[in-house]
Amino acid sequence: MKKALAFDIGGTKIYSGIIDENGKIISEIEKFQTPKTIEGIKNLLKERISKFENEADVIAISTAGAVNNENTAVIGSTGNLVEGYYTIDFQGLSNKKVFLENDANAAAWAEYKVGASKNCKVSVMLTLGTGVGGGIIIDNKILKGKSGAAGEMHFKMYPDKRRKCTCGSWDCFEAYASGTALKKDGEEMLNDPDVTTYDIIDGVKNGNTKMKEIFDRWINDIIIGINGLANLFDPDCVVLSGSMAQFVDVKAVEKAVNADIVTSPTSVRLAEAGNYAGMIGAALLAFDKGVV
Ligand SMILES: [Zn+2]
């Protein structure tokens, strides 16, 4: 059976492990702080690769940032990684083929192959974490767009420059649907810059009506976004993953989305492929694309 040495490279952590053709993790998962320099990231990857590449057929990397359509490079800068990250020559780090995919796209592929969207011909995945990631799968293919940057969730929610997005633009879906956005909703509605996402979640659990109002505003923006995506792509299912997804009542969101839908109703589900979905998806995609 073929094996991939997989990495998940995010703004704060890098994970690594070996994944087989069935999407099974067959080694310990190792965890590192993401180095703050390009050299640091390169050295860390090089060290792991030289140690483990003989056990694998391919190096599969799930990374923050958009990845080109050839799956060989990161295109453009990514807000949460070191400046110039995209200049790294990933192929130069190994004698084996190095395959990259955007982390949300990779996680969407894992959900499609072994998780919540297994039976969905068309699916949209949203990763609700500190930011928002997205992956759209249509007829057994990830929607990549002309450059590789499709499926990122930077479509406009409001026209009046209310809230700055991490991408530098204004009022993107990410700026209203992320964990950071829930805190922002709290700041605005309570006029308190110190309120935390945890305060709001905890308040909702304890029956605090003001916190529930803040939470509902956040959920409502998520519903507006999913409704737009569902009307655009007519998906069999919408999968929610990421650290904030656990707080979402997916059945209630599904009902609200479908109450006002132009296409046929869609199913809204929680992700099932787990915390290492990015690595699993990058590995499976490399195998599915016949890289090795
Ligand atoms: Zn944006």
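Colleague: What percentage of the 292 residues of the protein chain count as buried?

Modeller: 51% of them count as buried, where buried means under 20% relative accessible area, exposed over 50% and partly exposed in between, with a 1.4 Å probe and protein chains only. Bear in mind that this is a predicted model, where local features need pLDDT of at least 70 and side-chain atom pairs count only at pLDDT 80 or more, while totals for chains, interfaces and linings use all residues. Residues are numbered from 1 along each chain as its sequence is written, and side-chain values use heavy atoms, with hydrogens and water left out.

Colleague: What radius of gyration does the protein chain have, and what would a compact globule have?

Modeller: The protein chain has 19 Å, which agrees with the value near 19 Å for a compact globule with 292 residues. That radius is taken over C-alpha atoms, and the globule rule is 2.2 Å times the number of residues to the power 0.38. Along its principal axes, the C-alpha trace spans about 55 × 40 × 35 Å.

Colleague: And what share of the contacts comes from residues 24 or more positions apart?

Modeller: 62% of the contacts with a separation of 6 or more. Contact means heavy atoms within 4.5 Å.

Colleague: OK, secondary structure. How many helices and strands are there?

Modeller: The protein chain has 8 helices and 10 strands. These are DSSP runs numbered from the N terminus: helices are H or I with at least four residues, strands are E with at least two.

Colleague: In what order do the 5 strands of the open sheet come?

Modeller: The order is β8-β7-β6-β9-β10, with mixed pairing; two strands pair if DSSP finds at least two bridges between them. β8 and β10 stand at the edges with a single partner strand each, so one side of each is left without a neighbour in the sheet.

Colleague: Take the β10 end. How many bridges join β9 to β10, and do they run parallel or antiparallel?

Modeller: 4 bridges, and the two strands run parallel, β9 covering residues 237–241 and β10 residues 267–270. The chain gets from β9 to β10 through helix α7 (residues 250–259), in a right-handed β-α-β crossover. Right-handed here means that, with the strands pointing away from the viewer, the path from the first strand over the helix to the second runs clockwise. Within the pair, Leu240 stands opposite Leu270 in β10.

Colleague: And the β8 end, how many bridges there?

Modeller: 2 bridges join β7 (residues 132–138) to β8, and those strands run antiparallel. Ile138 stands opposite Lys141 in β8.

Colleague: Switching to cysteines. Which ones does the disulfide join?

Modeller: Cys120 and Cys237, with S to S at 2.3 Å; a disulfide is a pair of cysteine sulfur atoms within 2.5 Å. The structure holds 1 disulfide. Cys120 lies in the loop between α2 and β6 (122–128) and Cys237 in strand β9, so the pair ties together parts that are 117 residues apart in sequence. The link is right-handed, with 135° about the S-S bond.

Colleague: Is Cys120 buried or exposed? And Cys237, buried or exposed?

Modeller: Cys120 is buried at 2% relative accessible area, and Cys237 is buried at 0%. As for other cysteines, Cys165 is buried at 6%, whereas Cys167 is partly exposed at 43%.

Colleague: Now α8. How many of its residues are buried?

Modeller: 11 of its 12 residues, so to speak mostly covered. Among the buried ones are Met279, Leu284 and Phe287. The buried residues pack against β1 (3–9), β2 (13–20), β4 (58–63), β5 (97–102), α2 (103–114) and β8 (141–142).

Colleague: Last one, Tyr176. Which helix is it found in?

Modeller: Tyr176 is in α3 (residues 174–177) and is buried at 3% relative accessibility. Leaving aside neighbours within four places in sequence, its contacts include Met157, Arg162, Ala181 and Trp218. The C-alpha atoms of Tyr176 and Met157 are separated by 8.0 Å, with the two 19 residues apart along the chain.
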